[in-house]
Amino acid sequence: MKAILEWGTYNGLTTLRKAFLLGLRLTEIPPGDFMKRRSEEYFDNYREMSSEFNVVTAHGPYYALTGKSMDSLERSWRAHVRAIQMAERAGAMVYNVHIGGAGPDRETAIHLAAKAVKMMLDATENILITLETTYTPKLLGSPDDIRAIIEIVGDERVGISFQLENDFIREFKVYEDADFHGADQQVTEDFWINLLESNEDLFAGHVSLRFSQVTGLYLRKRIFVKKRTPLGMGYPSLDVLSRALADYIVSRVDYENTQVHLIYTGPPETKYRDTINFYYSVAKEVAEYL
């Protein structure tokens with residue numbers, strides 16, 4: 001029987017041994033490795049050194065799939081094509097990507113994103129692509145946006161990855177007033193379970209869940225941005241989320257056919273301690289159902 005729950009965080013080549021020694025079962029190639037245009041040898045080495053992990057995933061570079069300038073977009077798309085090819089070379093089963101801005105015409109942006117995803121699919125053989133949820137309507141990345149892109153692409157190798165703190169900010173409209181505490185008081189276990197269950201048709205063969213606690217601030221012209229925090233110093237609350245994920249994982253996932261990937265995405269300074277604490281928080285609640 002295969003494992004139902006795999007967990008871990010992002011690691012460059014030099015930190016793989018540390019992550020493995022700490023017992024992490026999943027490793028994710030970070031976006032910086034693709035933005036630095038590492039050599040093919042680097043990704044060959046990553047494949048060899050990560051072979052002891054149960055799951056290898058990759059996070060694509062922070063280049064938008066949408067925009068106004070086609071010259072800029074085509075450069076971005078080419079960068080993603082190379083990145084996903086290197087991710088597959090490194091043994092990754094999943095390539096996760098931020099979609100980009102919605103712009104003045106959301107429908108056009110959705111079609112541009114779909115075109116980019118098709119290019120990445122055509123350039124690879126087996127790797128899955130997950131589109132990450134976002135925290136503001138100014139960006140593409142709501143479940144509805146992702147559903148529309150998947151329907152255009154029409155390929156089972158494309159799915160959704162929930163960045164859970166983004167879903168918290170978006171669904172409670174925290175981007176409008178930055179009232180994290182007030183929104184956190186409204187979060188229930190049912191909120192998290194309903195979010196996942198209502199979009200479970202978008203998962204591509206596995207349940208992809210990412211998390212980091214956050215705060216937020218406004219820049220000039222009232223532009224809201226989130227800021228990741230060490231675990232225990234931000235929002236949303238971990239206790240409610242952990243109970244909800246435990247219920248969902250044990251009671252609502254077809255574990256004979258589906259894996260859950262639990263990926264911690266917080267600040268690098270505390271990521272190993274926080275990854276273990278995040279997994280422990282969920283696992284101790286899972287134990288109550290067993």
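Q: At about what angle to β6 does helix α5 run?
A: In this predicted model, helix α5 comprises residues 106–122.

Q: Which residue in β6 is the bridge partner of tyrosine 95?
A: Strand β4 covers residues 94–97 and strand β6 covers residues 128–132. These two strands pair in the parallel sense over four bridges. For tyrosine 95, the bridge partner in β6 is isoleucine 129.

Q: What is the average twist from one strand to the next in the closed barrel of eight strands?
A: The barrel is closed and has parallel pairing, with its strands in the order β1-β2-β3-β4-β6-β8-β9-β12. From one strand to the next, the twist averages 30°.

Q: Is alanine 283 buried or partly exposed?
A: Alanine 283 belongs to helix α12, residues 271–287. A residue is buried under 20% relative accessible area and exposed over 50%. Because its relative accessibility is 22%, alanine 283 counts as partly exposed.

Q: What distance separates the C-alpha atoms of alanine 283 and alanine 246?
A: Along the chain, alanine 283 and alanine 246 are 37 residues apart. The separation of their C-alpha atoms is 7.3 Å.

Q: What accessible area do Leu217, Leu219 and Ile223 have together?
A: Leucine 217 is located in strand β10, residues 214–219. Its relative accessible area is 38%, so leucine 217 is partly exposed. Together with Leu219 and Ile223, Leu217 forms a nonpolar patch on the surface, with an accessible area of about 240 Å².

How values were computed. Residues are numbered from 1 along each chain as its sequence is written. This is a predicted model: local features need pLDDT of at least 70, side-chain atom pairs count only at pLDDT 80 or more; totals for chains, interfaces and linings use all residues. Side-chain values use heavy atoms; hydrogens and water are left out. Two strands pair if DSSP finds at least two bridges between them. Axes are lines fitted to C-alpha atoms, for helices over the stretch in contact, and angles run from 0 to 180 degrees between N-to-C directions. Contact means heavy atoms within 4.5 Å. Buried means under 20% relative accessible area, exposed over 50%, partly exposed in between (1.4 Å probe, protein chains only). Patches are made of residues with over 30% relative accessible area and no salt bridge: like charges are joined within 9 Å, nonpolar side chains (Val, Leu, Ile, Met, Phe, Trp, Tyr) within 5 Å. Accessible areas come from the Shrake-Rupley method with a 1.4 Å probe; for residues, only the protein chains shown count as cover. A salt bridge is a side-chain nitrogen of Lys or Arg within 4 Å of a carboxyl oxygen of Asp or Glu.
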